[in-house]
Amino acid sequence: MLVVMKTDATDAQIARVIEIIKAMGFEGRPMPGAQRTTVGLVGNDGRVDGSQIESLDGVAEIIHVSRPYKQVSREWRPENTLVEIGPGVVFGGTDIPIIAGPCSVENEKQIVLAAQQVKEAGANALRGGAFKPRSSPYSFQGLGKKGLELLALARKETGLPIVTEALDEEGAHLVAEYADCIQIGARNMQNYALLKTIGKLGRPVLLKRGMAATIVDLLMSAEYLLAEGNMQVILCERGIRSFDPSTRNLFDLTAIPLVQKLSHLPMVADPSHGTGLRDKVIPMGRAAIAAGADGLLVEMHPNPEQAMSDGGQSLYPDQLARLVREARTIATAIGRSISPSSGTATAANG
Ligand code: PEP
Ligand code: MN
């Protein structure tokens with residue numbers, strides 16, 4: 001349930017609404033808007049009788065949210081939520097940021113060079129996994145804490161905010177110390193214990209769609225994060241399993257406008273895992289921008305042939321620069337823009 005306050009409602013009237021909701025056994029969350037404040041009632045699983053609140057001073061109306069993913073829904077919040085992961089790197093607005101970098105952090109030289117190339121290409125944030133979810137236990141599992149330290153070094157060199165995955169509850173706390181945005185991977189989208197833990201960490205989160213997850217499954221998983229009080233959530237389409245092995249996954253472009261209609265959260269696209277094939281990443285990256293994506297997540301490696309994971313779908317640095325250029329043209333055609341290059345090296349400033 002949502003309690004919409006009148007435009008001239010006083011702080012005391014808002015506080016009274018929250019107090020009454022508390023007395024009813026729920027939690028009232030104030031959400032100041034451009035015109036007026038809305039108080040969301042959380043903690044209930046079904047319809048709540050709002051008659052007691054409806055008559056309070058300052059209350060304009062009560063709205064019952066029909067979706068099971070309540071706080072994630074556009075009913076709850078009609079305007080887009082903006083998620084800022086670094087200075088000026090904002091998802092959900094007119095500007096479209098691009099996150100790029102290798103699948104895995106491999107060593108200092110690789111990640112620092114990758115970060116410089118990401119920046120030179122005009123992208124806005126650096127990705128790279130320190131904890132890797134691999135299909136085989138014998139494959140490279142990531143550098144762990146060392147990888148996080150190297151990401152922090154790459155951020156220091158370039159100023160780019162970093163996006164990196166947390167695989168489990170224990171690692172999540174460590175990842176939160178380094179990451180500007182914590183990635184929850186496709187395989188963990190429905191790891192509800194992990195969602196609860198990460199929801200409490202107070203960091204922006206990038207939540208990837210599970211490979212066999214419906215749109216509603218994705219939104220319900222995001223609800224776990226919002227239920228913990230974290231609104232800073234970016235959703236990501238990364239391809240779903242299909243019967244056809246021609247591509248690694250089936251990149252579901254429709255998911256972009258679908259999610260944007262149902263939710264106020266930004267929706268980005270990952271054409272790298274979405275296709276698994278380097279030469280399909282640029283076309284699908286362009287298509288995602290045309291479909292209205294609020295950002296891209298792209299794998300790029302300084303030397304894809306030597307990559308320790310996902311080399312076959314990683315762009316060469318010059319291909320990333322091309323994708324950013326072409327994305328810019330497409331964004332302009334639909335009244336948006338690719339975020340201006342961001343990040344200044346902090347190393348140069350001491
Ligand atoms: C990744 O981003 O490298 C990754 C493992 O992604 P996903 O969880 O979508 O497979
Ligand atoms: Mn990868």
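## Gln 319 and helix H11

Gln 319 sits in helix H11, which spans residues 317-333 (helices are DSSP runs of H or I with at least four residues, strands are runs of E with at least two, and both are numbered from the N terminus). This is a predicted model, where local features need pLDDT of at least 70, side-chain atom pairs count only at pLDDT 80 or more, and totals for chains, interfaces and linings use all residues. Residues are numbered from 1 along each chain as its sequence is written, chains are lettered from A and ligands numbered from 1 in the order in which they are written, and side-chain values use heavy atoms, with hydrogens and water left out.

Is Gln 319 buried or exposed? Gln 319 counts as buried because its relative accessible area is 19% (buried is under 20%, exposed is over 50%, partly exposed is in between, using a 1.4 Å probe and protein chains only). Leaving aside residues up to four places away in sequence, Gln 319 touches Arg 278 and Ile 282 (contact means heavy atoms within 4.5 Å).

Strand E8 covers residues 98-101, and both of its faces are covered. Ile 98 and Ala 100 are buried on one side, and Ile 99 and Gly 101 are buried on the other.

E8 pairs in the parallel sense with strand E15 (residues 296-299) over four bridges (strands pair if DSSP finds at least two bridges between them). Val 298 in E15 is the bridge partner of Ala 100. E8 also pairs in the parallel sense with strand E9 (residues 125-127), this time over two bridges, and here Ile 99 has Ala 125 as its bridge partner.

Not counting residues up to four places away in sequence, Gln 117 touches Met 300, Pro 302 and Pro 317.

Asn 303 is found in the loop between E15 and H11. With a relative accessibility of 33%, Asn 303 counts as partly exposed.

## Around ligand 1

Which residues come nearest to ligand 1? Of the 13 residues around it, they are Arg 127, Ala 186, Arg 187, Lys 208 and Arg 238 (near means a heavy atom within 4 Å).

As for individual atoms, a polar side-chain atom of Lys 208 is 2.8 Å from an oxygen atom of ligand 1. For Arg 238, a side-chain N or O atom is 2.6 Å from a ligand 1 oxygen, and for Glu 299 a polar side-chain atom is 3.3 Å from one. On its own, ligand 1 has 300 Å² of accessible area, and the protein covers 97% of that (areas come from the Shrake-Rupley method with a 1.4 Å probe).

In helix H5 (residues 169-178), the buried residues include Leu 174, Val 175 and Tyr 178. Their cover includes helix H4 (145-158), strand E10 (162-165), strand E11 (181-184) and helix H6 (192-199).

E10 and E11 run parallel, joined by three bridges, with Thr 164 opposite Ile 182 in E11. The chain gets from E10 to E11 through H5, in a right-handed β-α-β crossover. E11 is likewise joined by three bridges to strand E12 (residues 205-208), running parallel, and Gln 183 has Leu 206 in E12 as its bridge partner. That step, from E11 through H6 to E12, is a right-handed β-α-β crossover.

Key: A polar contact is a pair of N or O atoms within 3.5 Å; within protein, one must be able to donate a hydrogen and the other to accept it, and residues adjacent in sequence count only if both atoms are side-chain atoms. A crossover is right-handed if, with the strands pointing away from the viewer, the path from the first strand over the helix to the second runs clockwise.
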